[in-house]
Amino acid sequence: MAIADFIEPAIKDYATQATATYSAPIDTSKFTGRQFVAGEDPLQTQAINIAQQGVGSYQPFLSAAQTAQQQAAGTVGGLGALTGPQAYQPFMSPYQSQVIDATLAEYDKQGFAGEQQIKDAAYSSGNFGGGREGAMLGQYQSDRLADRAALQASMLQQGLTQAQQQAQQNFQNQGTIAAAQAGLAGQQYGLSNFQRTNMGQDVSALGSLGALRQGQNQAMLGADQQAAQTAAYEPYGRLSQYGNTLTGLAGGVAGQQYAQPAPASPFSTALSTALGVGGLYGKIFG
């Protein structure tokens, strides 16, 4: 098929341009490489640092809770020794017998004085050594013995009652201590969980915001990358359109128009990635 004279110069021009264009390699470094990857956002760095510092930071609270729990268990376990019929004995006063002996000695001293009064009265009335004096002394001594026994029993009972009361109070005190220790253990466990939960919220918030900003930066880098790629391939599209036009003018069938693949929206892609990364931060310490 002969080429019309009027179109021959254009075809030669096309051939010259095509040869020059297609023989030169495309510099892909202009639209590929790490320069088009958004770096870590400062908020993400802060979130990572907090997360790293938070690993194991709850351990002191957990150890304190376990210690308090063990102490409470030991206190509760010791309550059994504070019950029973002999529980009062540790609270009996070691000076009780001395107090009783001193009291009875004074009681006996007063009794001797009373006997002497009876004897003096009998002597003054002329009945000294008589039956009346003997009867009065016998009755007096009998009453004194009964009173002495009652006094001794009263003091013993008073000491026993006080010891039992103190034993009961000690049992209650130990129970209160055990409850306080158990409560402290619960508080320490609560502080451990509180710290982890709030730290997780901080990490999640910082990480999510940082991921969003990183996604925005990635979208901008992606747009720059697409612009550089479009510029690199622009001559091929222009030559393709030029060739198809010449083919049509020469009476041939034009080939398919060159079309660079339409890329995805940089912002949509970056936003999807950012949301995924943000969700990952939210799972830390969650």
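I take buried to mean under 20% relative accessible area, exposed over 50%, and partly exposed in between. By that rule F31, at 6% relative accessibility, counts as buried. I keep in mind throughout that this is a predicted model.

**Entry 1: overall layout**

I began with the secondary structure. I count six helices and zero strands. From the N terminus on, the elements run α-α-α-α-α-α. The protein has 286 residues, and 22% of them count as buried.

**Entry 2: the aromatic residues**

I searched the whole structure for aromatic pairs and found four. I looked at F31 and Y233 to begin with. Their ring centres are 6.0 Å apart and their planes stand at 50°, so I call the pair tilted. This pair links distant parts of the chain. F31 sits in the loop between α1 and α2, Y233 sits in helix α5, and 202 residues separate them.

Is Y233 buried or partly exposed? I find it partly exposed, because its relative accessibility is 24%. The cut-off for buried is under 20%.

Next I checked Y233 against Y236. Here too the ring centres are 6.0 Å apart and the planes lie at 50°, so this pair is tilted. Y233 and Y236 are three residues apart in helix α5, so about one helical turn separates them. Y236 is buried, with a relative accessible area of 12%. I then asked which residues join up. Y22, F31, Y233 and Y236 form one aromatic cluster.

**Entry 3: the nonpolar core**

Which residues make up the largest nonpolar core? I list six: L43, A47, A51, M199, V203 and L206. Helices α2 (42-54) and α5 (131-249) each supply at least two residues of this core. I note the general background: in soluble globular proteins, nonpolar side chains tend to be buried together.

I looked up D41 next. D41 is found in the loop between α1 (8-23) and α2. Its relative accessibility is 5%, so D41 counts as buried. What lies 2.9 Å from the backbone nitrogen of L43? I find a polar atom of the D41 side chain there. I then left aside the neighbours of D41 within four places in sequence. The contacts that remain are with G210, R213 and Q214.

**Entry 4: helix α3**

I checked the length of α3, residues 59-77. The helix has 19 residues, and at 1.5 Å a residue it should span 27 Å. Its end C-alpha atoms are 27 Å apart, which agrees.

I then asked where the buried residues of α3 point. A65, A68, A72 and T75 are buried. Seen down the helix axis, the buried residues fall within an arc of 90°, so they line one face of α3. The face turned away from that buried side carries the exposed residues Q70 and G77.

**Entry 5: L191 and F61**

Last, I looked up L191, which is found in helix α5. L191 has a relative accessible area of 38%, so I log it as partly exposed. How far apart are L191 and F61, in sequence and in space? They are 130 residues apart in sequence, and 6.6 Å apart in space, C-alpha to C-alpha.

Conventions. Residues are numbered from 1 along each chain as its sequence is written. This is a predicted model: local features need pLDDT of at least 70, side-chain atom pairs count only at pLDDT 80 or more; totals for chains, interfaces and linings use all residues. Side-chain values use heavy atoms; hydrogens and water are left out. A nonpolar core is a set of buried Ala, Val, Leu, Ile, Met, Phe, Trp, Tyr and Cys residues joined through side-chain atoms within 4.5 Å. Buried means under 20% relative accessible area, exposed over 50%, partly exposed in between (1.4 Å probe, protein chains only). Helices (H or I, at least four residues) and strands (E, at least two) are DSSP runs, numbered from the N terminus. A polar contact is a pair of N or O atoms within 3.5 Å; within protein, one must be able to donate a hydrogen and the other to accept it, and residues adjacent in sequence count only if both atoms are side-chain atoms. Contact means heavy atoms within 4.5 Å. The expected span of a helix is 1.5 Å times one less than its number of residues. The arc is that of the directions from the helix axis to the C-beta atoms. Rings of Phe, Tyr and Trp (its six-membered ring) pair if their centres lie within 6.5 Å; planes under 30 degrees apart count as stacked, over 60 as edge-to-face and the rest as tilted.
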